[in-house]
Amino acid sequence: MSTTDLAPWPQLTGDEPCKAPGADPEDWTGTPKQRRNGQEACLSKCPEAVRAQCLAWALDHPTWAGSAIWAGTTLSDRRRLRAERRDAAAA
């Protein structure tokens, strides 16, 4: 896979909960309880098209995405999705 095959940084609109005025960065990177708040905010308020871009980026850049919430997914969610994608590609 060449680097051109990797998802680019998401095209943010400014309407995402992670970019909202007063958004707490800990809701995406803090304790598990704080990340749950970010996950819920993302799933209920983030535009679907942006979530798709964020998820693609996080799946393609696992080291940079780390344990933060991306597109409403946790690190374990993304590990499972990457494994499913690998299995589907191998089939």
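Which residues make up the largest nonpolar core? In this predicted model, the answer is a set of 10: Cys42, Cys46, Val50, Cys54, Trp57, Ala58, Ala65, Ala68, Trp70 and Ala71. Helix H3 gives the most to this core, with 4 residues. A nonpolar core here is a set of buried Ala, Val, Leu, Ile, Met, Phe, Trp, Tyr and Cys residues joined through side-chain atoms within 4.5 Å. Buried means under 20% relative accessible area, exposed over 50%, and partly exposed in between (1.4 Å probe, protein chains only).

Residues are numbered from 1 along each chain as its sequence is written. Because the model is predicted, local features need pLDDT of at least 70 and side-chain atom pairs count only at pLDDT 80 or more, while totals for chains, interfaces and linings use all residues; side-chain values use heavy atoms, with hydrogens and water left out.

Now let's meet the helices (DSSP runs of H or I, at least four residues, numbered from the N terminus).

| Helix | Residues |
|---|---|
| H3 | 48-60 |
| H4 | 62-65 |
| H5 | 75-90 |

The buried residues of H3 are Val50, Cys54, Trp57, Ala58, Leu59 and Asp60. What covers them includes H4 and H5. Val50 also touches Gln11, Leu12, Thr13 and Glu16, leaving aside residues up to four places away in sequence; contact means heavy atoms within 4.5 Å.

Is Pro62 buried or partly exposed? Pro62, found in helix H4, is partly exposed, with a relative accessible area of 34%. Its C-alpha atom is separated by 8.3 Å from that of Arg78, 16 residues apart along the chain.

Definitions and conventions:
Helix = DSSP H or I, 4+ residues; strand = E, 2+ residues; numbered from the N terminus. Expected span 1.5 Å × (residues − 1).
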